[in-house]
Amino acid sequence: MPVVNVKVIEGVFSDAQKTEMVQKLTEAMVEIEGENMRSLTMVIVEEVKSGDWGIGGKPMSTEDVKAAAAGL
């Protein structure tokens, strides 16, 4: 039973975007493992508290991620 675990910083993605992640990641796994595994494929989207995620030794906040996505 495959499990795909996605961690994102809280408040960056909407519920609709998280649903889309689950759907598309499931489709990607089914392409690899075959249709019979669809019902056994789990995708978990976990939100990490803003500031509890660090890159390059620096904490990342929700605002940092949104600014990066906007190209700022």
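A residue is called buried when its relative accessible area is under 20%, exposed when that area is over 50%, and partly exposed in between, with a 1.4 Å probe and protein chains only. The structure described here is a predicted model, in which local features need pLDDT of at least 70 and side-chain atom pairs count only at pLDDT 80 or more, while totals for chains, interfaces and linings use all residues. Residues are numbered from 1 along each chain as its sequence is written, and side-chain values use heavy atoms, with hydrogens and water left out.

The account begins with the interior. A nonpolar core is a set of buried Ala, Val, Leu, Ile, Met, Phe, Trp, Tyr and Cys residues joined through side-chain atoms within 4.5 Å. The largest such core has 5 residues in all, namely V4, V6, V8, M21 and V43. Strand β1, residues 3–9, supplies the largest share of this core, with 3 residues. Helices (H or I, at least four residues) and strands (E, at least two) are DSSP runs, numbered from the N terminus. Contact is taken to mean heavy atoms within 4.5 Å. Leaving aside neighbours within four places in sequence, M21 is in contact with V6, V8, F13 and V45.

The charged side chains come next. A salt bridge is a side-chain nitrogen of Lys or Arg within 4 Å of a carboxyl oxygen of Asp or Glu, and the whole structure contains 6 of them. In one of these, E46 pairs with K7, and the closest N and O atoms are 3.7 Å apart. Because E46 lies in strand β2 (residues 42–48) and K7 in strand β1, the pair ties together parts that are 39 residues apart in sequence. E46 is partly exposed, with a relative accessible area of 31%, and K7 is also partly exposed, at 47%.

Another salt bridge joins K24 and E20, with an N to O distance of 2.7 Å. Both residues belong to helix α1 (residues 15–33), and because they are 4 residues apart there, about one helical turn separates them. K24 is exposed, with a relative accessible area of 55%, whereas E20 is partly exposed, at 36%. A further salt bridge links the side chains of R38 and E35, at 2.6 Å from N to O. R38 counts as partly exposed at 29% relative accessibility, and E35 counts as partly exposed at 48%.

M1, V3, L40, M42 and I44 make a nonpolar surface patch of about 450 Å². Patches are made of residues with over 30% relative accessible area and no salt bridge, where like charges are joined within 9 Å and nonpolar side chains (Val, Leu, Ile, Met, Phe, Trp, Tyr) within 5 Å. Accessible areas come from the Shrake-Rupley method with a 1.4 Å probe, and for residues only the protein chains shown count as cover. Within this patch, M42 is found in strand β2 and counts as partly exposed at 35% relative accessibility.

Two threonines can be considered together. T41 is placed in the loop between α1 and β2 and counts as buried, at 11% relative accessibility. Its side chain makes a polar contact with the side chain of E33 at 2.5 Å; a polar contact is a pair of N or O atoms within 3.5 Å, where within protein one must be able to donate a hydrogen and the other to accept it, and residues adjacent in sequence count only if both atoms are side-chain atoms. The side chain of T41 also reaches the backbone oxygen of M37, at 2.8 Å. Not counting residues up to four places away in sequence, T41 touches P2, T26, M29 and E33.

T26 itself lies in helix α1 and is buried, with a relative accessible area of 11%. The side chain of T26 reaches the backbone oxygen of V22 at 2.7 Å. Beyond neighbours within four places in sequence, T26 is in contact with R38, T41 and V43.

S50 counts as partly exposed, at 23% relative accessibility. With neighbours within four places in sequence left aside, the contacts of S50 are I9, E10, M60, S61, T62 and E63. A polar atom of the S50 side chain lies 2.9 Å from the backbone nitrogen of T62.
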